[in-house]
Each structure stands twice: as C-alpha cells, then as structure tokens.
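Look at the sequence and the 3D structure below.

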Amino acid sequence: MTADYSSHLIRRPRRLRSTPAMRELVAETSLRPADLILPMFIADGITEAREISSMPGVYQHTEQSLLRAAGEALDAGVRCVDLFGVPLAEDKDATGSQAWDDGGVLNRGLAALRREFGDDLIVMADTCLDEFTDHGHCGVVSTDRFGATVVDNDATLALYQKMALAQARAGAHMISPSGMMDGQIAAIRAALDGEGFQDVSIMAYSAKYASAFFGPFREAVGSSLRGDRRTYQQDPANIRESLLEVRLDVEEGADIVMVKPALPYLDVLTKVAEISPVPVAAYQVSGEYAMIQAAGANGWVDRDAVMMESLISIRRAGADQILTYFATTAARALRG
Ligand code: PBG
C-alpha cells in the first residue's frame, strides 16, 4: 500500500521550477554584459596578435588588434576593459621604469583605447610593476639588515604613484593596483589628487591570494619571476585578513574592492560583500579560465554551460562586477 503524501505536501518548491518563464521570474541573481570586465594584454614588438597557448582565445595584442577586440567587447555590451602591458624583455629593469614612461607599451595602449572609445568604454589600467621588472616581483627588491632579499614596501609605493600618474595622463578612467603593498591605495589616491586627477577612480585588489591559479597569466605576460609572492599576496588558508585588507582599502579611498581568484574563494567574496560599503568585484583568473577551456575542449564538460554557471555563482556569492577572460563570449551568449 502506498502512502498518500500529496495531501500533506503544502510546500512544493518544484512549482516555481516548472517552466523557463517561472524560473526566470524567481531568479535571485542576474548576470548582465555590463557586469563583466575584460582583461586584455598589449605586447611590444609584435606585428600580429599572438594567442596565449595556455589560454585559448586570449591574445597578446598589437595596438590595432587591441582596438578591434575591445570594440567587439563593447559591441557585445561589455563596458570596461582592464589592460596589462607586456614590454620587450630588454626593456625590463630592476625598478620597472617602462611602467611610468609615457611611451611605455601599457601607457601607449591606454591612450589608444581612450582615443578610440572616449567615455563609451571604461579604460582600466593594471597598476603593478611585475610585468616591467627584470626580477618579476611586483615591487622593488632590496636587501634587509640581515642580508635577506625582500620586496621593499614603501620604496615601491613611490613607484606605484609614478605609474598611476602616467596611466591617468594616458587616459585611464580607473587605476587598479594589484601588487598587494600596504598603503598602496592611500599613496595612489594622494598622488592622483595632487595632480588634479580627482576624477580617476581606483579598483583595489584588496584580497588577492598567492594563488597557483595565476599560472597561465605568467605565460600571458612573459613573467620573469622565480620564486613566489607569498610575502605580499595572501595565504589561501586565511579569510580574516581579507576583511582587514578590505577595511583598509576602503579607508584609504578605494572606489571598488576586489577578491581574487574567484571560484575557489567564494566564501571570501561573500564575507567581503557583507561588510563592504563600496562595490565588490571578483576576478575569475587565468587558471580558472584555462581549466574550463581545457575540459570543454576535451568534451569533458559543456564549456559554455560551465562558463555561465561559474559566472552566475560568482555573482550569487556577492560579486557586483566580474573580471573574466570570457567577458565577450559570455556577453554575446547573454544577448542570445
Ligand atoms: C600581477 C597580476 C597577476 C594577475 C593579475 N595581476 C599575477 C600575479 O599576481 O602573479 C593574475 C591574473 C590571472 O591569473 O588571470 N600584476
């Protein structure tokens, strides 16, 4: 004899899942093309765009191909790109001086984007020295009083100020310091305001972890790094210090705070979103992208479905904006 449960079931959650229209009606989280930010790379000394082997579909761009790809992103509804520069190996030096040279590859790229798109596309600049230093660290390296090699926090801040000013002069709407030096937001805000760039905003890489998920990015920028960044980027074991980093960055003047990587750090994102008085972004990094692309290319997962699920999950966890190499592809999919 079968029990008659139907008379007891007042609550039937499946009712609200019954049709696509019903599911859309009750969706708690949305994803729009304008939520997405496309990270891009411009490289010096190349005559055509070069695909990054560990990041299929992502390129080191020439100025021309950069403008074309940024235009495609804009056409798909993406409103912001984040530009990284890849200088010639011989132009790297101990302090990363190409970073604040107005003729340096990144500043040329920023200027080209601003000239081409005006205020239609938000031009964001990566503000960090690692692509430009011959040792590959995000700051200047010095020797402490015991003879150990260290990344010098306060000496680095002065260079970030020069770099941010060059980026503002080039036309960047937004500066995004990714080097995890203490006090970098305050230093950059003061430098920008001191030169009349009050209108240039700052997206702070507030909670950035020393992550193996950055692997493919190192190829993307031709990184010179040996060793790791564990004395400045955060330990994946920790979450409390992310909240401290966010509070400090907000006090120092950050307009947007960011958590990076995204999918392995959704708990961090949720906690940050709970306390942040400013928008919270998340960065779906190179390794996250590479894993989804690789599994998709093997037919092991449905790439587009996993892409969309990962992005909606990052939004659900608390991200307002998402930096993702899928930005153009996802934006096109969203527009059907
Ligand atoms: C450093 C920087 C890195 C990334 C963005 N900015 C690499 C690092 O910290 O080692 C990683 C981005 C990615 O993996 O997609 N300027």
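## A helix and its partners

The buried residues of helix α5 pack against β5 (122-127), α4 (153-170), β8 (174-177), β9 (201-208) and α7 (240-252). Contact means heavy atoms within 4.5 Å. Helices (H or I, at least four residues) and strands (E, at least two) are DSSP runs, numbered from the N terminus. Helix α5 itself covers residues 184-194. Its buried residues are Q184, I185, A187, I188, R189, A191 and L192. Buried means under 20% relative accessible area, exposed over 50%, and partly exposed in between, with a 1.4 Å probe and protein chains only. Just after α5, G196 takes a positive phi of about 85°.

This is a predicted model, in which local features need pLDDT of at least 70, side-chain atom pairs count only at pLDDT 80 or more, and totals for chains, interfaces and linings use all residues. Residues are numbered from 1 along each chain as its sequence is written, and side-chain values use heavy atoms, with hydrogens and water left out.

## The whole chain

The protein chain has 11 helices and 12 strands. Its radius of gyration is 21 Å, close to the 20 Å that the globule rule gives for 336 residues, so the chain is as compact as a globular protein of that length. That radius is taken over C-alpha atoms, and the globule rule is 2.2 Å times the number of residues to the power 0.38. Along the principal axes, the C-alpha atoms fill a box of roughly 80 × 45 × 40 Å.

How many of the 336 residues count as buried? The share is 54%. Take the contacts between residues at least 6 apart in sequence: 74% of them join residues at least 24 apart. The accessible surface comes to about 15,600 Å², and 51% of that area belongs to carbon and sulfur atoms. These areas come from the Shrake-Rupley method with a 1.4 Å probe; for residues, only the protein chains shown count as cover.

Now the charges. The chain has 32 positive and 46 negative side chains. Lys and Arg count as positive and Asp and Glu as negative, while His and the chain ends are not counted. The centres of the two sets lie 8 Å apart. Each charge is placed at NZ of Lys, CZ of Arg, CG of Asp or CD of Glu.

## Cysteines

The structure holds zero disulfides. A disulfide is a pair of cysteine sulfur atoms within 2.5 Å. C80 is in no disulfide, and the nearest cysteine sulfur, that of C128, is 18 Å away. C138 is in no disulfide either; for C138 the nearest cysteine sulfur is that of C128, 3.4 Å away.

Are C80 and C138 buried or exposed? C80 is buried, with a relative accessible area of 6%. C138 counts as buried at 1% relative accessibility.

T127 sits in strand β5. At 0% relative accessibility, T127 counts as buried. T127 and M174 are 47 residues apart in sequence, and their C-alpha atoms are 9.8 Å apart in space.

H61 belongs to strand β3 (residues 59-61). H61 is buried too, with a relative accessible area of 9%. Leaving out residues up to four places away in sequence, H61 touches M40, F41, I42, A43, I46, A49, L66 and A69. R11 is 50 residues from H61 along the chain, and 55 Å separates their C-alpha atoms.

## Backbone in the loops

Most residues other than glycine have a negative phi, and most peptide bonds are trans. M180 is not glycine, yet its phi is positive, near 60°. M180 is found in the loop between β8 and α5. M180 is buried, at a relative accessible area of 6%.

Which peptide bond is cis? The bond from K260 to P261 is, with omega near -10°. P261 lies in the loop between β10 (256-260) and α8 (266-275).

## Two partly exposed residues

P236 lies in the loop between α6 (215-220) and α7. At 39% relative accessibility, P236 counts as partly exposed. Not counting residues up to four places away in sequence, P236 touches Y209, A210, R230 and Y265.

A294 is in helix α9 (residues 286-297). A294 is partly exposed, with a relative accessible area of 40%.
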